[in-house]
Amino acid sequence: MSTLLLISDNEVLNSLYTVNLKVYTESDLVCYAKIDDAIDHITDPENEVSVVVCLDKIGREDAALIAYSSLLESGLFDIPFYVVGNRGELTEEMDILQDPFDLKNVIGTIAKRLGITAKDMASKSVPDYYPMPIRMFFSLQNVPCQTYIVHEGHFNLIFESGSPVWPKIKSYLDQKVTTLYVPSSMRFEFTKIVTKALREKTNTITRKSPQEEKLEIVQQGIETVAERLFEDEQITQEVIQLSSKCMNIMMDVIDKVPDLKDLIRDLTRNKSGFLYSHSIIAGYVANHVLDNIEWGGESHKEKLKFVLFFHDMHLTSVYKNHSDLEYEESLVFDERLSEEEKEVVISHAAKAAEAIKTYPKCPLGVDSIIRQHHGTTNGMGFATTYKDDISPLAKVLIISEAFTEKLLECLYSGEEVEVSTICSDLKEKYSKHTYVKIIKTLLTIKL
Ligand SMILES: [Fe+2]
Ligand SMILES: [Fe+2]
């Protein structure tokens with residue numbers, strides 16, 4: 001049996017490649033996250049390596065370039081070497097597999113190199129898994145299908161179909177697991193079952209329910225609606241009902257919470273991810289702005305509700321593959337993201353704006369606010385200068401998210417939070433007077 005060697009620190013990718021390459025090419029795969037360890041393995045005469053696949057970058061290091069040069073230095077010219085990712089500075093002679101998640105191409109290329117024909121490959125069936133946020137299981141009593149966890153590059157079965165979700169699932173959340181896997185063939189069925197269960201669960205939430213519980217259900221709602229939006233052409237009745245329930249619960253929390261500390265404490269306790277936490281905190285901040293700016297009123301809050309719930313929905317597909325991602329703007333430069341994922345990041349505002357257009361009874365203008373929520377009028381990318389060509393409510397959201405990011409930066413680094421310092425920092429970046437007016441209202445926010 002031939003052995004393939006993968007140099008990669010991306011756990012999701014390692015699992016995908018291991019499973020697929022094993023089945024299709026009948027090869028063993030060894031993975032190394034450290035270049036030195038990989039080189040030691042290859043140069044050890046005891047080991048036989050038939051192909052090396054290497055990420056272009058690991059952390060800040062040019063992994064492919066370093067690994068390839070070491071092989072040449074050791075006189076190992078014959079081992080086929082593939083780079084996954086961008087060519088960048090790499091030399092012409094190196095073979096590039098540009099999109100790491102284009103499995104068909106990656107597997108096909110390697111198989112061909114190993115002399116495996118398309119016909120050989122067609123006769124094999126591959127277990128194919130789809131990532132689901134762990135929270136999507138919380139509203140279920142029993143899992144509707146086999147469920148897996150990724151561990152050291154392997155998919156391990158943790159739930160047989162029909163087995164109880166609780167309390168076992170709690171231990172995975174406590175281990176900071178954020179994503180579980182279901183068979184791809186069960187993907188749609190699974191999200192439908194979760195939608196139904198969640199709708200029933202939202203009915204048990206009253207105004208008096210604990211804030212923590214409300215925050216939890218809204219997060220489950222956002223993640224589930226996001227999955228449904230990606231699979232359905234149109235927003236179905238049940239998705240509308242679930243979203244509208246969750247939006248109301250969310251606004252209820254934001255309206256009632258005494259201060260930011262209280263909100264942050266509950267989000268931390270729920271082990272909420274960055275994407276969700278920052279939207280909820282920004283919601284609290286934006287609500288404060290609308291209460292304190294002369295033009296703010298109830299109709300704006302109604303719009304804010306939709307904007308908060310839907311504006312970053314497309315990013316859930318990126319965050320669920322990389323649970324420790326944080327600030328949105330930095331994603332474009334994050335080496336862990338594939339090109340495809342970066343495209344999602346760049347166009348997420350435009351995509352969400354298009355999706356919300358089909359939502360019945362959506363207040364007027366919500367789509368443009370969502371489109372403009374990173375300061376560009378077409379919803380593509382992130383603005384570098386913030387101008388007056390966008391709607392006032394989009395400016396409120398931009399300032400609220402920027403304020404939230406500064407606040408979280410302080411909290412994460414253990415610094416004392418000084419509202420006045422955050423505000424003067426913001427004034428430098430958002431210097432137009434319409435933005436400054438919004439920033440000024442934040443001087444009285446309760447931390
Ligand atoms: Fe956001
Ligand atoms: Fe965003």
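The centres of domain 1 and domain 2, taken over C-alpha atoms, are 39 Å apart. The domain assignment of the protein chain puts domain 1 at 3–122 and domain 2 at 205–444; such bounds come from an automatic or database domain assignment. This is a predicted model, in which local features need pLDDT of at least 70 and side-chain atom pairs count only at pLDDT 80 or more, while totals for chains, interfaces and linings use all residues. Residues are numbered from 1 along each chain as its sequence is written, and chains are lettered from A and ligands numbered from 1 in the order in which they are written.

How many residues does each domain bring to the contact? Domain 1 supplies seven residues and domain 2 six residues. Two residues are in contact here if their C-beta atoms, placed from the backbone, lie within 7 Å. On the domain 1 side there are three nonpolar, two polar and two charged residues. For these classes, Ala, Val, Leu, Ile, Met, Phe, Trp, Tyr, Cys and Pro count as nonpolar, Asp, Glu, Lys and Arg as charged, and the others, Gly among them, as polar.

Next, the core. The largest nonpolar core has 116 residues, and I7 and C54 touch the most other members. A nonpolar core is a set of buried Ala, Val, Leu, Ile, Met, Phe, Trp, Tyr and Cys residues joined through C-beta atoms within 7 Å. Buried means that 20 or more other C-beta atoms lie within 10 Å of the residue's own, exposed means 12 or fewer, and partly exposed is in between, with C-beta atoms placed from the backbone. Helix 11, residues 274–292, gives the most to this core, with ten residues. Helices (H or I, at least four residues) and strands (E, at least two) are DSSP runs, numbered from the N terminus. Because domain 1 and domain 2 both give residues to this core, it lies between them. Not counting residues up to four places away in sequence, C54 touches I7, A63, A64, A67, F81, V83 and V84.

Now helix 4, residues 103–113. Its buried residues include V106, I107, I110 and A111. They cover an arc of only 120° around the axis, so they sit on the same side of helix 4; the arc is that of the directions from the helix axis to the C-beta atoms. After helix 4 comes G115, with a positive phi near 80°.

On to the hairpin. Strand 7 (residues 147–151) and strand 8 (residues 154–159) pair in the antiparallel sense over five bridges, where pairing requires that DSSP finds at least two bridges between two strands. I149 stands opposite N156 in strand 8. Two residues lie between the strands of this hairpin, and E152 takes a positive phi near 45°.

Which peptide bond is cis? The bond from W166 to P167 is, with omega near -5°. P167 lies in the loop between strand 8 and helix 6 (168–174).

Two lysines also have a positive phi. For K176, which is not a glycine, phi is near 65°. K176 is in the loop between helix 6 and strand 9 (179–183), and with 10 C-beta neighbours inside 10 Å it counts as exposed. K361, again not a glycine, has a positive phi of about 60°. Its place is the loop between helix 14 (339–357) and helix 15 (366–371). K361 counts as exposed because it has 7 C-beta neighbours inside 10 Å.

Leaving aside neighbours within four places in sequence, I356 is in contact with F306, F310, C362, V366, D367 and I370. I356 and S317, 39 residues apart in sequence, are 17 Å apart in space, C-alpha to C-alpha.

N47 is in the loop between helix 2 (35–43) and strand 3 (51–55). With 12 C-beta neighbours inside 10 Å, N47 counts as exposed. Leaving aside neighbours within four places in sequence, its contacts are T3, H41 and I42. N47 and T3 are 44 residues apart in sequence, with 8.6 Å from C-alpha to C-alpha.

T434 belongs to helix 18, residues 433–441. T434 is partly exposed, with 13 other C-beta atoms within 10 Å. Beyond four places in sequence, T434 is in contact with D388 and K395. The C-alpha atoms of T434 and V396, 38 residues apart along the chain, are separated by 9.8 Å.
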